[in-house]
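Subject: Structure for you to look at

Hello,

Here is the structure I said I would pass on. Please open it next to this message while you read.

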Amino acid sequence: MVARLVIAAPSSGAGKTTVATGLMAAFAGRGLAVSPHKVGPDYIDPGYHALATGRPGRNLDAYMCGTGLVAPLFEHGARGCDLAVVEGVMGLYDGAADQGELASTAQVSKLLKAPVVLVVDASSQSRSVAALVHGFASWDPEVRIGGVILNKVATDRHEHLLREALGESGVPVLGVLRRAPAVATPSRHLGLVPVAERQAAAVAAVAAQAEQVRAGCDLEALLALARSAPELHVEPWVAEVGERLHAGGPGVPTLPQSPIAPAERMPTPVVAVAGGAAFTFSYAEHAELLTAAGAEVVVFDPLRDEALPEGTSGLVIGGGFPEMYGAELSANEPLRKAVAELAASGAPIAAECAGLLYLARSLDGTPMCGVLDADARMSSRLTLGYRDAVAVSDSVLAPAGARMRGHEFHRTVIEPGAGAQAAWGLRQPERRVEGFVQGGVHASYVHTHWAGTPEVAARFVEQCVERSAGGPVA
């Protein structure tokens with residue numbers, strides 16, 4: 001059994017990332033093994049969580065992976081830890097559009113049987129805070145709000161008024177945090193600036209968040225609340241691709257099963273995975289599934305490395321911020337040429353969002369790899385939301401007709417938006433096709449979470465194996 005807390009808020013902007021990261025760092029500083037988690041598809045917050053705890057930040061997404069995988073994925077990440085801290089998404093009861101409670105922090109708290117700590121921005125209220133907390137605590141009786149942390153409190157007098165009001169609510173105050181510029185994390189067009197881009201500044205910010213939480217929160221009471229969570233009685237998720245150990249849950253269909261067991265895959269293919277400051281968006285389970293499928297996963301940095309890892313048979317380029325590093329990525333001409341040659345050879349290449357832009361002919365007029373006959377540019381419009389996707393074409397990731405769930409999150413556009421063979425047909429919020437399937441390349445704006453459909457990793461690695469052995473790539 002792992003002690004656990006969910007850190008939620010009435011709305012975005014209340015300070016739950018600061019509080020959650022500060023709690024993780026504060027408890028880790030006391031010698032506890034802390035498992036960090038994030039509700040939803042967000043990639044950036046888990047980077048700060050990893051910095052605070054020294055463990056991979058893991059996502060719990062009931063839309064992309066299915067409700068049936070939330071607790072198993074949690075147990076997988078938290079195994080062997082003393083405490084798990086789960087940061088929520090948006091407001092406590094906000095989830096996937098038009099899907100009720102699906103993918104909300106409230107739903108995840110119920111699936112984990114975890115108490116919730118509500119972070120309230122108290123900067124513009126006093127007695128009204130009691131009505132706010134009462135409303136959130138009583139809305140869903142299955143959601144257990146075990147305490148409140150008051151954030152952005154101005155003065156001792158302000159704190160007194162807030163505590164006096166909440167004294168009648170029945171929900172204890174477990175922390176009071178003053179305004180503190182040192183704990184702020186800079187943002188830009190897609191949210192917080194990732195850890196990989198801030199280096200020492202990120203370390204300093206996390207240290208400041210930990211100190212603020214230590215000074216303003218009752219850590220003993222919070223730990224006692226976390227330890228009051230009951231046992232889950234579920235088996236941890238396992239990164240295996242030969243057979244599905246856990247169903248993805250209602251509405252998340254499976255892909256055709258792989259006929260090849262991982263032990264039969266020879267030789268071991270090398271799958272290169274893009275990393276570094278320009279490509280920071282990835283889920284830890286993807287590398288684990290590729291490894292379980294028989295691949296050797298090697299991370300490389302397109303900003304620094306002039307060649308792909310030796311023996312590369314397949315390439316995975318996830319999301320990130322290539323638009324912030326366009327000049328540097330373009331200047332690395334040897335690597336751009338190597339990527340183009342790998343694509344021309346028919347090798348399996350899976351590219352999501354930033355990877356799509358990197359494979360394009362240009363990004364904001366700057367030359368990229370030129371694998372795709374398309375050009376990308378920054379846009380003033382934010383494209384954001386979950387996607388119900390159907391594979392339009394057979395590809396290295398899925399056969400035509402297979403359904404997957406994903407997420408879009410970008411302020412760029414690519415023209416054209418789809419190739420002669422599109423990657424996905426999207427059902428929400430409007431029907432359209434998007435992405436490119438070209439030889440062994442699958443490139444799309446849609447981020448997916450392979451834990452919900454591990455057959456994706458199996459299919460990808462199988463075709464890497466064929467290339468390693470000198471055979472054709474389907």
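Below are my notes on one helix, the cores, a pocket, a lysine and some backbone features.

This is a predicted model, in which local features need pLDDT of at least 70 and side-chain atom pairs count only at pLDDT 80 or more, while totals for chains, interfaces and linings use all residues. Residues are numbered from 1 along each chain as its sequence is written, and side-chain values use heavy atoms, with hydrogens and water left out.

Helix α3 and the cores

Helices (H or I, at least four residues) and strands (E, at least two) are DSSP runs, numbered from the N terminus. Helix α3 covers residues 67-78, and its 12 residues reach 18 Å from first C-alpha to last, close to the 16 Å expected at 1.5 Å a residue. That expected span is 1.5 Å times one less than the number of residues. Of the 12 residues of α3, 10 are buried, where buried means under 20% relative accessible area, exposed over 50% and partly exposed in between (1.4 Å probe, protein chains only). The buried ones include Val 70, Ala 71 and Phe 74. The buried residues of α3 pack against β1 (3-8), β2 (34-39), β3 (58-60), β4 (83-87), α4 (105-111) and α10 (284-292); contact means heavy atoms within 4.5 Å. Just after α3, Gly 80 takes a positive phi of about 85 degrees.

Val 70, Ala 71 and Phe 74 are also among the residues that Leu 112 touches, as are Arg 4, Leu 60, Val 86 and Leu 232, leaving aside residues up to four places away in sequence. Leu 112 is one of the residues with the most contacts inside the largest nonpolar core, which has 117 residues. A second, separate core of 38 residues includes Phe 300, Ile 349, Ala 351 and Ala 376. A nonpolar core here is a set of buried Ala, Val, Leu, Ile, Met, Phe, Trp, Tyr and Cys residues joined through side-chain atoms within 4.5 Å.

The second largest pocket

The second largest pocket holds about 750 Å³ of space. Its lining has 34 residues, and Phe 279, Thr 280, Phe 281, Ser 282 and Tyr 283 lie nearest its centre. Elements that give two or more residues to this lining include α7 (195-198), β10 (270-274) and β11 (296-300), but α2 gives the most, with 5 residues. On a 1 Å grid over the protein atoms alone, a pocket is an open set of points with protein on both sides within 12 Å along at least five of seven lines, and lining residues have an atom within 4 Å of a point. Grid points are joined across faces, edges and corners, and a volume is the space filled by probe spheres set on the points.

Lys 152

Lys 152 sits in strand β6 (residues 145-153) and is partly exposed, at 27% relative accessible area. Its side chain reaches the backbone oxygen of Gly 13 at 3.3 Å. Lys 152 and Ser 123 are 29 residues apart in sequence, yet 5.3 Å apart in space, C-alpha to C-alpha.

Backbone features

Asp 98 has a positive phi of about 60 degrees although it is not a glycine; this residue is in the loop between β4 and α4 and is exposed, at 80%. Asp 364, also not a glycine, has a positive phi of about 50 degrees and is partly exposed, at 41%. A cis peptide bond joins Glu 415 and Pro 416, with omega about 0 degrees.

Regards

How values were computed:
A polar contact is a pair of N or O atoms within 3.5 Å; within protein, one must be able to donate a hydrogen and the other to accept it, and residues adjacent in sequence count only if both atoms are side-chain atoms. On a 1 Å grid over the protein atoms alone, a cavity is a set of points where a 1.4 Å probe fits but cannot get out, and a pocket is an open set with protein on both sides within 12 Å along at least five of seven lines; lining residues have an atom within 4 Å of a point.
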